[in-house]
Amino acid sequence: MQRLVEVGEGRTSDAIVPGRLRRARDRFVASDPGLVRLVSAARAVLAIASALGVEYLVASVTGAPPLVPMMLGAVVAMLASFGVVDATRGGQALTLCCLPLAMLAGMGVALLVDRNRLASLVTFVAVVFVAVWVRRFGMRFFVCGMGGFMGYFFALFLNLRPEMLPGVAEAVVVAIAWVLLLTLVLLPIRNDRVLRRMLRSFEARLAGLAGTVLLLADQAPGTAERARAETRLRSLLVRINESALVIDGQLGTPAAVTDDDTARTVRRTVFDAELAATALARVGPTAVTHDDGARAILTALWRGRWDTVEELADRATGATGPGPQRLAVDAAVLASARAEWTRAAGARDPGRTGEDPRNADADADAVEFAPAVQLFGGNLPGSAGTVTRLHRPPEADRPASRLSLTTRQAVQVTIATALAIAAGDALSEQRYYWAVLAAFIAFTGTATVAETVRKSAHRAVGTMIGLVGAIVLVPVLGPDVAVVLPVILVSIFGALYLFRLSYALMIFFITLMLGELYALLGSFSVDLMVLRLEETVLGGLIGCAVSVLVLPTRTRSAADEARRGLLDALAELLAATDRALRRPGPPEDLRACSRALDAALHQAMLLGRPLTRTWLGSAQDDVVRELTACTAVADHARRLARSAEGVPGTAALTGACARLAELVSSAVAGRPVPAGSCAAVVDLLVGPAGGHGPGAALAREAGLLAAELPALLEAPGLLPDPAAVGRVRGPEGGPTAATVTVVDRAGRQFDRVTTGDDGRFALRVPPGTHLLVAAPPPPPAAGQPPTATTCRSGRGRCCRTSSSGRSRCGNGPGRSGGAAWGTADRAGAPPGRQPSRRPGMIGAWGTPASSCPTARRTGAH
């Protein structure tokens, strides 16, 4: 690492400290894209502190005791700060207005049954069910459900009486009015500023990648230091992809950019920068060891000197060796992309009013920009969307569960809450609600068994560590309000800031805060904190048991659904690439498809990571290999999408993309993919990949993608079906576009493709006699009805029947009247044999001279 610091222009000792401070700042910015966690935690603490002050002032003016209003004001401010995630100010205002109504409704229900303890506890369970069940209607109802739950809980906690309700309602209304003023007027969220902060975080992660590449280059092969550097490099690439995905989601928020063209520009430049960073990580360690110019470029990038990066990259384009040259090109792409997204994101609209300016003068013919992912509070979504799709799939042919995710969780929480009340009440009649909260929170923000168990365990660990901290800290600070209140606010900030990083640390700060709060109220004791730990562990164990035994959502099932979503997004990307290659015209937005694939990859990694180790801690190598394959497939698909832009399609390229899309779609539909199917596509691309130019680069990326897919698609031991290849000709005898379908005698469809203008097609044809139908592509042309021909494929023989009824059979490949026909061998090509290359045919996928007749589309009959 010493060598890394010394490279570049001379530096004095006085310049080292600012450099270290800058790198520390970059690490901090890179760890929090858009500073979302920092800003959210700071806003929440400010809202809570100011709400406490406002409630105290109002209580002083009215002469009411300030304790209850201040507690309610703090709870309302916390709920509003983290629960209100609407994209528009109007939506935020509506949610904030609904929140006090839900809280007061919960309090009102509690007052109706407060005279009977058993009835109040039974009603508590019913309130919990409703609070969770309404989550199905969206985030606004999620917040209202939490508000109703907290209202009922505080009514029990405070022993609320009917004569206290007007004062409590006044406190809630005052708190909401203040939060409305603070959120919508004084400190509104500016999505354009959030976007610029996210871009700066992306730049900081790129700089960290350059520093890691330099560090990796200086480590000897085979050492533990090099292994750690390689692990860190892979982690940085994943974080760069996640940061790019967050930026794409932020581009879809109102007023983040001035128009859709700007959003597309930022998406394009960030996409290109991510690909350049991936290539730089691949060639950088080798290039740096052989070329000082490459080291200087990476050092400038590591220090954030983008002008120097561009200058050095321009100078180094004539470097000797492919590694330094490629690194210089990638660095130039990074510098150019950074300059372009800085200009685009820095554009201002003088007439901006807070609403999305893209809605004002949108071109009716333009395609509206759509983000690949919807952010929640500036963060990527959790697993709930995937699990919801698991229980309620959008495809009509897939069986749905009897209960949706929200109904399942409502039943689970109801049972867990009832058990926690019984067990917690047996432990302490006054503090049973700690067990109830532990059981309830275990099902908030979780969707699978693994997530629920993990959250419960982290809550228990955080409570235990926080208990020790409170026992040590409280006697030192004492009950002085001037000392304790800042500590409480700092604890709240720490809890909210670290929530996304570690739930255990969040609970540690929450427990510390409660210890200080009880000290302020004069009721702190070691026994009380130990009781909290016991109730928390009890409620967590109940939540874990219920999640495993009652309507469980298995983590493996959710991970399989995420994998299905990944393959579905990949199939769409391959199909879009095939369309872009076949039909020149308005370009397909392949970057949008690629970002949708990245969003699916995030879900697959999120749900797959818990499966990488068993409950006993041993590694699950098959899951690790599958997740590695998912990452590699997404990486190759990204480069495939970039390589396909502006490339004219050839028969091999379009056939390969169409075949890969078909194989992936078959896996999504649950049909087995025979072993060797992907390898056959690789064979098809061997020739084109060996050439030069954009088409060769696209063929190489498609081949690399096909080489990674068997780990996700193929069923071992199942041989591939033979391929039928040929060309559709029109009435004049020339090639023409058509939709070609192969069905059996019962009408079951085996395969269907739409050809390009050259008429070439390739279909999967099982052994037997089948009907081959060629029809005009939609919309059908007048006077051109479909034409059908039969094809019998099998080992060593193929028969053709023309539309005129004449037939001809043979025992080998041949041609008749311009119609290509031959054998379809179930066994496939021998090892090392290349696909057939005969006039009038495209290569078959692993089958020797495998083709069906050319189908002719005749004119009017």
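Tutor: Start with the buried residues of helix H4. They are Pro 69, Leu 72, Gly 73, Ala 74, Val 75, Val 76, Ala 77, Leu 79, Ala 80 and Gly 83. Keep in mind that this is a predicted model. What do these buried residues pack against? Their partners are helix H3 (36-62), helix H5 (89-112), helix H7 (139-157) and helix H8 (165-186).

Now check the length of H4. The helix runs over residues 67-83, which is 17 residues. At 1.5 Å a residue, H4 should span 24 Å. An α-helix has 3.6 residues a turn, so residues three or four places apart point the same way.

Take H3 first. Leu 35 is in the loop between helix H2 (13-31) and H3. Its phi is near 50°, a positive value in a residue other than glycine. Is Leu 35 buried or exposed? Its relative accessible area is 18%, and the cut-off for buried is under 20%, so Leu 35 counts as buried. A second case sits in another loop. Ala 255 lies between helix H10 (224-251) and helix H11 (260-290). Ala 255 is not a glycine either, yet its phi is positive, about 65°. Ala 255 is buried too, with a relative accessible area of 7%.

The structure holds 17 aromatic pairs. Phe 153 is buried at 9% relative accessible area. Tyr 433 is buried as well, at 9% relative accessibility. Tyr 433 also pairs with Trp 434, again edge-to-face, at 5.7 Å centre to centre and 65° between the planes. Trp 434 counts as buried, with 5% relative accessibility.

These rings belong to a cluster linked by ring pairs. Among its other members are Phe 124, Phe 149, Tyr 152, Phe 440 and Tyr 518.

Rings also meet charges here. The charged end of Arg 37 sits over the ring of Tyr 497, 4.6 Å from its centre. Likewise, the charged end of Lys 455 sits over the ring of Tyr 503, 5.1 Å from its centre.

Methods
Residues are numbered from 1 along each chain as its sequence is written. This is a predicted model: local features need pLDDT of at least 70, side-chain atom pairs count only at pLDDT 80 or more; totals for chains, interfaces and linings use all residues. Side-chain values use heavy atoms; hydrogens and water are left out. Helices (H or I, at least four residues) and strands (E, at least two) are DSSP runs, numbered from the N terminus. The expected span of a helix is 1.5 Å times one less than its number of residues. Buried means under 20% relative accessible area, exposed over 50%, partly exposed in between (1.4 Å probe, protein chains only). Contact means heavy atoms within 4.5 Å. Rings of Phe, Tyr and Trp (its six-membered ring) pair if their centres lie within 6.5 Å; planes under 30 degrees apart count as stacked, over 60 as edge-to-face and the rest as tilted. A charge sits over a ring if NZ of Lys or CZ of Arg is within 6 Å of the ring centre and within 35 degrees of the ring normal.
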